[in-house]
Amino acid sequence: MTTDTSERTEPGGPTLTIDELAAKAGVTVRTVRFYGTRGLLPPPVLGPRRVGRYGPEHLARLALIDELQRQGMTLSAIERHLRRLPPDLSAQDLAVHRAVVASWGPDTVETVTREELHRLAGRELSDGDVARLTALDVVTPGDGGYRVDAGLVRLGVELLDVPLSQEVVLAAREVLLEHSRAAAQELSRLLREAVSELAAPDVKALTAHMHPLVVQALLTTFRRALRQELRGWLNAPHDGGQG
């Protein structure tokens with residue numbers, strides 16, 4: 001099934017053919033079509049000559065499916081998981097959700113080639129892009145390849161397109177790290193006190209169960225607080241720099 005857009009796509013809309021989408025996602029065209037028939041991917045938009053066109057949301061959803069598979073989820077479980085998500089999530093929302101999913105499992109640091117790094121990023125990276133990702137501590141160049149955290153690469157790539165200087169992005173990163181560490185330490189203290197009477201196997205099982213819930217809760221509360229702060233800033237009167 002496809003979505004008809006009167007034989008054209010809007011500027012900035014879906015622009016990838018199915019072959020281009022598959023290549024960027026590192027999967028086969030057959031896989032893309034299969035996911036489409038199972039409802040894991042939304043239908044493409046019909047472009048000129050009724051050729052299906054795909055956009056960033058399709059690419060981000062394929063990356064999320066890949067991450068869910070890395071966590072050991074079956075295709076049926078992935079279908080149920082995706083059905084619970086809002087249908088209109090943006091590529092950025094899907095990338096954040098993928099990062100949360102990646103946090104459920106063990107560390108995913110691995111050494112990859114430049115070509116594999118492009119595949120994880122979902123696009124070709126210039127030397128300048130790699131340098132910025134290195135500064136953000138997303139990529140660590142080394143002998144024979146690059147050490148990366150697969151769960152962070154896509155988010156790092158999203159930051160490459162943010163219209164802010166690298167200095168501002170790095171400063172924001174330090175703020176997030178500082179407050180994240182403080183929250184993690186406080187939550188860890190609370191949990192240690194709460195489970196101090198439990199046996200070691202029970203503590204391990206509870207920790208595994210709580211980890212994704214805590215990460216999701218932190219993400220939700222942070223996004224809500226940030227939205228409120230931005231709304232207050234945008235609604236406040238600005239003098240445009242006038243005295």
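# Questions on a predicted chain

The accessible surface of the chain comes to about 15,300 Å², and 57% of that surface belongs to carbon and sulfur atoms; areas of this kind come from the Shrake-Rupley method with a 1.4 Å probe, and for residues only the protein chains shown count as cover. This is a predicted model, in which local features need pLDDT of at least 70, side-chain atom pairs count only at pLDDT 80 or more, and totals for chains, interfaces and linings use all residues. Residues are numbered from 1 along each chain as its sequence is written, and side-chain values use heavy atoms, with hydrogens and water left out.

Q: What makes up the chain in terms of helices and strands?
A: The chain has 10 helices and 6 strands. Helices (H or I, at least four residues) and strands (E, at least two) are DSSP runs, numbered from the N terminus.

Q: Why is E79 called buried?
A: E79 has a relative accessible area of 13%. Buried means under 20%, exposed over 50%, and partly exposed in between, with a 1.4 Å probe and protein chains only; E79 is therefore buried. Its place is in helix α4 (residues 75–83). Buried residues make up 31% of the 243 residues in the chain.

Q: Which residues does E79 touch, not counting residues up to four places away in sequence?
A: E79 touches R38 and L40, where contact means heavy atoms within 4.5 Å. Among contacts in the chain with a separation of 6 or more, 69% are between residues 24 or more positions apart.

Q: How do you know that T113 is partly exposed?
A: The relative accessible area of T113 is 38%, so the value falls between the limits for buried and exposed. T113 is found in the loop between β4 and α6. The C-alpha atoms of T113 and Y146 are separated by 6.3 Å, although these residues are 33 apart along the chain.

Q: What makes the nonpolar surface patch, and why does L176 qualify on accessible area?
A: L176, F222, L226, L230, W233 and L234 make a patch of about 610 Å². Patches are made of residues with over 30% relative accessible area and no salt bridge; like charges are joined within 9 Å, and nonpolar side chains (Val, Leu, Ile, Met, Phe, Trp, Tyr) within 5 Å. A salt bridge is a side-chain nitrogen of Lys or Arg within 4 Å of a carboxyl oxygen of Asp or Glu. L176 qualifies on area because its value is 44%, against the limit of over 30%. L176 lies in helix α9 (residues 166–194), while helix α10 (residues 200–235) gives the largest share of the patch, 5 residues.
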